[in-house]
Amino acid sequence: MENKALYLETLRRDCPELPLREVEAIESGQNNDVLLVNGEWIFRFPKYAEGIDRLRYEVRLLKIVRERVSIPVPVPAKWNLQSERIGSVFVGYPRIPGEPLLDGQWKELENGGVPMIRGLARQLAAFLKALHGVPAGALEESGPEYDGYREWADLFERIRAKLYPYMSREAQRWTERHFASFLGNGSNFQVAPVLVHGDFGGSNILYDPRRREISGILDFGSSGPGDPAVDYAGLLASYGEPFLQHMIEADPDIEGLLDRVKFYQGTFALQEALFGLENDDPEAFRDGIESYR
């Protein structure tokens, strides 16, 4: 993490009451660098200028979300949101116990049997039902009105203009079919927007092995008005279709979203590659484009 020294200088200045006994740079996301301080505090610093406004929005959003959902979310307690300078803007919150529910840990849970997996599915289904029940305009500044067709048509145009030169012809044809089928079906855009998490995958879902339950949901930086199917697509990408079927057992309404869920899941790698190209992040670009070359 190349800016760690700058982040520590910021914390010493803005949080003088917090001794920096042990500071660990943990894996960065696409938009933020993350520090674990004294094993107790998480601090997130935007990596890009456009991430500053998103962080301000996220802090306001969390005040609303945490009162409505059944799984803990971050509770910001320390911040500097006034600055416009990268390295000076941050938010800090007490660390939520647990570890991200990624591939290795997920395979161990699968070995624990169906009842355990069903329990996690019920937890996540209840969380998303509550989150999606938050009115899309709950914040005074909720951003531009959601327009699903415009959003996905714009993404398709950017993929064609920027990623096609790096993609095989076969991959281009698959992408054409994937988007044409979705964009050509008007029913996909007759969706009442709700508040979505926007990045609901394993890296943002915490699991506490002692209590054998989901212990927290992280990173609402991509949250906003949208199609609830996007969040179930994140779970499909992380844990596969059998887990999604357990989600449907807990909330049968999900079944009606499946066509859109599968479309969104099929765009994730392309979105990662495009993000890497547009934000000068070579690792994200390589990870996303790998299967399309």
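Here are legends for a few close-up views of this predicted model.

View 1. Three strands line up in the order S6-S8-S9, with antiparallel pairing. Strand S6 (99–100) and strand S9 (213–217) sit at the edges, each pairing on one side only. Look at strand S8 (residues 205–208): 4 bridges join S8 to S9. Across that pairing, Ile-205 stands opposite Ile-217.

**View 2. Helix H5 meets helix H10.** Helix H5 (residues 148–163) packs against helix H10 (residues 268–278) at an angle of about 65 degrees, and their axes are 10 Å apart. The crossing is left-handed. On the H5 side, the residues in contact include Trp-152, Leu-155 and Ile-159, while H10 brings in Leu-270, Leu-274 and Leu-277, among others. Sorted by class, this contact has 8 nonpolar, 1 polar and 3 charged residues.

**View 3. Tyr-7 and Phe-45, a stacked pair.** The structure holds 19 aromatic pairs, and here's one of them: Tyr-7 and Phe-45 are stacked, at 4.1 Å centre to centre with 15 degrees between the planes. Tyr-7 belongs to helix H1 (residues 4–14) and Phe-45 to strand S3 (residues 41–46), so the pair ties together parts that are 38 residues apart in sequence. Tyr-7 counts as buried, at 0% relative accessibility, and Phe-45 counts as buried at 0% too.

**View 4. Tyr-239 and Phe-243, edge-to-face.** This aromatic pair has its rings 5.4 Å apart, centre to centre, with 75 degrees between the planes. Both Tyr-239 and Phe-243 are buried.

**View 5. An aromatic cluster.** Tyr-149, Trp-152, Phe-156, Phe-179, Phe-182, Phe-189, Phe-263 and Tyr-264 form one cluster.

How values were computed:
Residues are numbered from 1 along each chain as its sequence is written. This is a predicted model: local features need pLDDT of at least 70, side-chain atom pairs count only at pLDDT 80 or more; totals for chains, interfaces and linings use all residues. Side-chain values use heavy atoms; hydrogens and water are left out. Two strands pair if DSSP finds at least two bridges between them. Helices (H or I, at least four residues) and strands (E, at least two) are DSSP runs, numbered from the N terminus. Axes are lines fitted to C-alpha atoms, for helices over the stretch in contact, and angles run from 0 to 180 degrees between N-to-C directions. A crossing is left-handed if the near helix is turned anticlockwise from the far one by less than a right angle, and right-handed if clockwise. Contact means heavy atoms within 4.5 Å. Ala, Val, Leu, Ile, Met, Phe, Trp, Tyr, Cys and Pro count as nonpolar, Asp, Glu, Lys and Arg as charged, and the others, Gly among them, as polar. Rings of Phe, Tyr and Trp (its six-membered ring) pair if their centres lie within 6.5 Å; planes under 30 degrees apart count as stacked, over 60 as edge-to-face and the rest as tilted. Buried means under 20% relative accessible area, exposed over 50%, partly exposed in between (1.4 Å probe, protein chains only).
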